[in-house]
Amino acid sequence: VISREDALRLDEDDPLAAYRERFVISDPAIIYMNGNSLGRMPVAAAERVREVTSLEWGSRLAGSWPHWIELPSRIGDLIGVDILGARPGEVVVSDSTSVNLYKLASAALQLTAPRSVILTEAANFPSDLYVLDGVARAAGARVRRLAGDPPDAGSLAATLGADVALVCFSHVNYRSAGLADLAAMTTLARDAGALTLWDLSHSAGVVPVELEACGVDLAVGCTYKYLSGGPGSPAFLYARRGLQDRLLSPISGWFGHRDQFGFSSEFEPADGVGRFMVGTPPIVSLAAVECGARLVADAGIAAIRAKSVAITELMIGLFDQWLAPLGFALASPRDPARRGSHLAFRHPAAWPISRTLVERCGVVVDFREPDVVRFGIGPLYTRFVDAWDAMDRTRTAVADGMHLEFAAERSGVT
Ligand SMILES: *Cc1c(COP(=O)(O)O)cnc(C)c1O
């Protein structure tokens with residue numbers, strides 16, 4: 001089994017090691033394994049927010065709008081072109097992931113009528129399931145949920161029929177980290193005449209995504225996980241160029257108007273992906289998104305992915321040695337090609353164990369129903385030795401029964 005000294009050596013040889021200094025780490029004793037939920041704050045984001053509030057909002061006030069108005073498409077291109085393999089003008093930053101999902105799924109249903117089935121997965125993120133049900137309700141369509149975590153290309157192929165309008169999956173599952181075969185599933189859907197809409201929330205910034213090369217039609221994702229955009233930072237949405245001008249948002253707002261400042265009383269959609277914008281963006285939060293996205297783009301997805309795989313592989317080796325004998329089961333795929341950047345460990349006492357790790361052991365993990373503890377790796381700031389220490393503290397805590405002091409029932413934000 002790998003020693004702590006081995007882990008320290010891996011950090012010395014890590015080409016991304018210097019990126020850790022680009023993030024605010026207020027307490028080095030805390031091991032933060034929650035970057036899959038809320039990425040650490042870039043140092044530059046704090047500076048940027050100070051500049052936006054003091055100079056742009058504080059001094060120049062509305063005179064800053066000519067600069068602010070460009071942010072959704074400028075940051076959209078940074079994320080789209082440098083991180084997601086899209087072309088310029090295909091991504092915009094706007095609203096939340098849930099709202100963007102609603103807008104794109106509604107537009108897709110309208111375009112593909114009379115097809116009326118949305119295919120998704122039973123294991124999808126709950127908000128995605130709720131939103132798709134709402135879209136279907138409003139459009140008189142139906143949702144079919146495929147089994148599998150994630151469903152494989154074979155089960156998709158078996159379900160695709162002439163009635164399927166839209167195929168909507170998560171690229172990486174929020175609970176298990178199972179990674180779907182985006183390329184194969186997108187091709188299958190296209191060949192069956194359906195549109196594809198991928199939720200990239202758990203892959204953007206950490207798993208390679210080739211939107212253009214794979215022929216993906218539509219995508220959404222959040223910016224506060226591996227892109228480190230900050231709590232509640234606005235999400236991104238992608239629409240393939242060839243499709244944009246045939247899609248209509250179900251919410252026609254002035255920011256999606258062809259001539260926003262013409263103040264016409266009739267709506268006319270803008271050309272391009274900007275037609276999916278709705279109202280005034282949250283500028284302070286939006287401006288900060290650029291900082292984390294820039295760090296990811298600079299480091300490069302290939303290097304980030306390589307480190308993410310190396311750390312999760314190290315952890316699985318320790319898991320087998322240390323945690324499996326304590327009643328844990330691995331709920332993430334063993335094949336690194338089939339998983340994202342977090343690990344899900346199942347245990348009957350997952351809730352009290354997660355509280356013990358956070359409150360007693362300085363290991364910030366989170367809990368997901370019904371019995372999962374998630375350990376997230378943010379490769380730009382998580383070190384190999386952090387992963388080693390987190391596993392070591394977990395085995396010690398559980399072997400010593402520290403979690404028995406905590407209530408067995410879940411409460412509060414998890
Ligand atoms: C985190 C996450 C979201 C977040 O949705 P918001 O509307 O931005 O809160 C959506 N979908 C998936 C798959 C996620 O992991």
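**View 1. Residues of strand 13 and the directions in which they point.** From strand 13, Val372, Arg374 and Gly376 point one way and Val373 and Phe375 the other way, and all are buried, where buried means under 20% relative accessible area, exposed over 50% and partly exposed in between (1.4 Å probe, protein chains only). In a regular strand the side chains alternate between the two faces of the sheet. Strand 13 covers residues 372-376 and is mostly covered, five of its five residues being buried; helices (H or I, at least four residues) and strands (E, at least two) are DSSP runs, numbered from the N terminus. The model shown is predicted, so that local features need pLDDT of at least 70 and side-chain atom pairs count only at pLDDT 80 or more, while totals for chains, interfaces and linings use all residues. Residues are numbered from 1 along each chain as its sequence is written, and side-chain values use heavy atoms, with hydrogens and water left out.

View 2. Four strands form an open sheet in the order 9-10-13-12, with antiparallel pairing, two strands being paired if DSSP finds at least two bridges between them. Strand 9 (329-330) and strand 12 stand at the edges with a single partner strand each, so one side of each is left without a neighbour in the sheet. Strand 10 (residues 342-346) runs antiparallel to strand 13 and is joined to it by five bridges, with leucine 343 opposite phenylalanine 375. Strand 12 (residues 366-368) pairs with strand 13 over three bridges, also in the antiparallel sense; here arginine 368 stands opposite valine 372, and a hairpin of three residues joins strand 12 to strand 13.

**View 3. Surroundings of arginine 20.** Arginine 20 is found in the loop between helix 1 (4-12) and strand 1 (31-32), and arginine 20 is buried, with a relative accessible area of 16%. A polar atom of the arginine 20 side chain lies 2.7 Å from the backbone oxygen of tyrosine 381. Not counting residues up to four places away in sequence, arginine 20 touches Ile25, Leu380, Tyr381, Arg383 and Asp386, contact meaning heavy atoms within 4.5 Å.

**View 4. Phenylalanine 263 and a nonpolar surface patch.** Phenylalanine 263 lies in the loop between helix 10 (241-244) and helix 11 (283-299), and phenylalanine 263 counts as exposed because its relative accessibility is 58%. Together, Ile69, Trp254, Phe261 and Phe263 make a nonpolar surface patch of about 440 Å².

Definitions and conventions:
Patch = residues over 30% accessible without salt bridge, like charges linked within 9 Å, V, L, I, M, F, W, Y side chains within 5 Å. Areas by Shrake-Rupley, 256 points an atom, 1.4 Å probe, with all protein chains shown as cover. Salt bridge = Lys/Arg side-chain N within 4 Å of Asp/Glu carboxyl O. Polar contact = N/O pair within 3.5 Å; in protein donor to acceptor, adjacent residues only side chain to side chain.
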